[in-house]
Amino acid sequence: MPLLFKCMLKVINTLIAVTASISNSTVLPSATLPQSMAVLSGFWGLPHKNLVKRLEGAKVGAWIDSMRASSPNRAKSESQEKRSWILYHPSALNTFEQITYNSKGKQIVVFLDYDGTLSPIVTDPDKAFMSRKMRATLKGIARHFPTAIVTGRCRDKVYNFVKLAELYYAGSHGMDIKGPTKSRSGKQGNNKGVLFQPASQFLAMIDEVYKILLERTKSVPGAKVENNKFCLSVHFRCVDEKSWASLADKVRLVLNEYPQLKLTQGRKVLEIRPTIKWDKGKALEFLLQSLGYENSNDVFPIYIGDDRTDEDAFKVLRSRGQGIGILVSRVAKETDASYTLQDPSEVEQFLGRLVEWKRSSSVKCIEL
Ligand SMILES: [Mg+2]
């Protein structure tokens, strides 16, 4: 079913339900609206789809098609579709007051993807640097809220990009989690070290497949294989569109020999991971548990990410009925996130406003 048609149905259903809701209550907390919409659309027979799928032979073509469809040039002709989509997934900047209203009395915990969220997507993944402004804002965020970077990248590599010791880092899609080595107030000596590595037994296999993939993909100009320690990434960013299908096929053929590893799709990237049931959603749950919020209603997690792999975390937040997921995207996509931001500069603005809001509400408390 075309995305535009589905969005229109969701909006119509939501308008009916919201009208009924307003007639029964004086105030509908606006920040909950997108989540309410999702619940209602499910009630009216429009369930959300799981976007993170195991990539198998027949799905290679579909993945290539979706990657082409989301390229910026094609997106220009989809403005009407986007307008409908934005109704269902409003901007987190435009709804900022509603979001903070809903978090009142709860501990905000911030979870952030790295590539495409804190840094722009660049052609060379080794040069995905974060801006100075973003680092300063992130430092402010970490001062006020427990904060974690949740990424498909190797933990050490993403730490070298971010360079803030007061954060939690969940690398390799959450399979390599380390706590802060500095307290949020900036004091040294709170070295929590490695918290969790559920896929240690796969290290040798991942390394073996890395070497094979390097060899088998070297004939494809622009193809880049990245070793993320507990998982691998095959980047398509610099590969000519004509070679996408053959590169995906080469990767799939290697993986056929390793049933203990699985292939998943990302944004211009194929990821190879152990088949263990562990993803960014599980990492989010683990980190909340580590922070003491496993069974708490007093926590408000905010997860911001741009990738299909972030959908696992958005889904966890929906099922917990806590906090919000924010998808970073310029184009309409199916997502379990409730809100959207267009790009890393909007992410920086949103995080900056969060810091300002926290500062001003702390000052008000002191004055009272
Ligand atoms: Mg990303």
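Predicted model: local features only at pLDDT ≥ 70, side-chain atom pairs only at ≥ 80, totals over all residues.
**Reading helices and sheets**

Visitor: Which residues of H10 are buried?

Guide: First, the general idea: an α-helix has 3.6 residues a turn, so residues three or four places apart point the same way. In H10, the buried ones are Trp-244, Leu-247, Ala-248, Val-251 and Leu-255. They cover an arc of only 100 degrees around the axis (taken from the directions from the helix axis to the C-beta atoms), which puts them on the same side of H10.

Visitor: How many helices and strands are there in the protein?

Guide: There are 13 helices and 12 strands. Both are DSSP runs numbered from the N terminus: helices are H or I with at least four residues, strands are E with at least two.

Visitor: At what angle do H9 and H10 pack?

Guide: For helices, axes are lines fitted to C-alpha atoms over the stretch in contact, and angles run from 0 to 180 degrees between N-to-C directions. Helix H9 (residues 203-217) and H10 pack at about 145 degrees, their axes 10 Å apart. Two residues are in contact if their C-beta atoms, placed from the backbone, lie within 7 Å. By that rule, Val-209, Ile-212, Leu-213, Arg-216 and Thr-217 in H9 meet Leu-247, Lys-250, Val-251 and Val-254 in H10.

Visitor: In what order do the strands form the open sheet?

Guide: Strands of a sheet pair through backbone hydrogen bonds, either parallel or antiparallel. Two strands count as paired if DSSP finds at least two bridges between them. Eight strands form this open sheet, in the order S5-S4-S3-S2-S1-S10-S11-S12, with mixed pairing. Strands S5 (194-196) and S12 (339-341) stand at the edges with a single partner strand each, so one side of each is left without a neighbour in the sheet. From one strand to the next, the twist averages 25 degrees.

Visitor: How many bridges join S1 to S10?

Guide: Six bridges join strand S1 (residues 107-112) to strand S10 (residues 299-305), and the two run parallel. Val-110, for instance, has Ile-302 in S10 as its bridge partner.

Terms used
Residues numbered from 1 in each chain as written. Buried ≥ 20, exposed ≤ 12 C-beta atoms within 10 Å, placed from the backbone.
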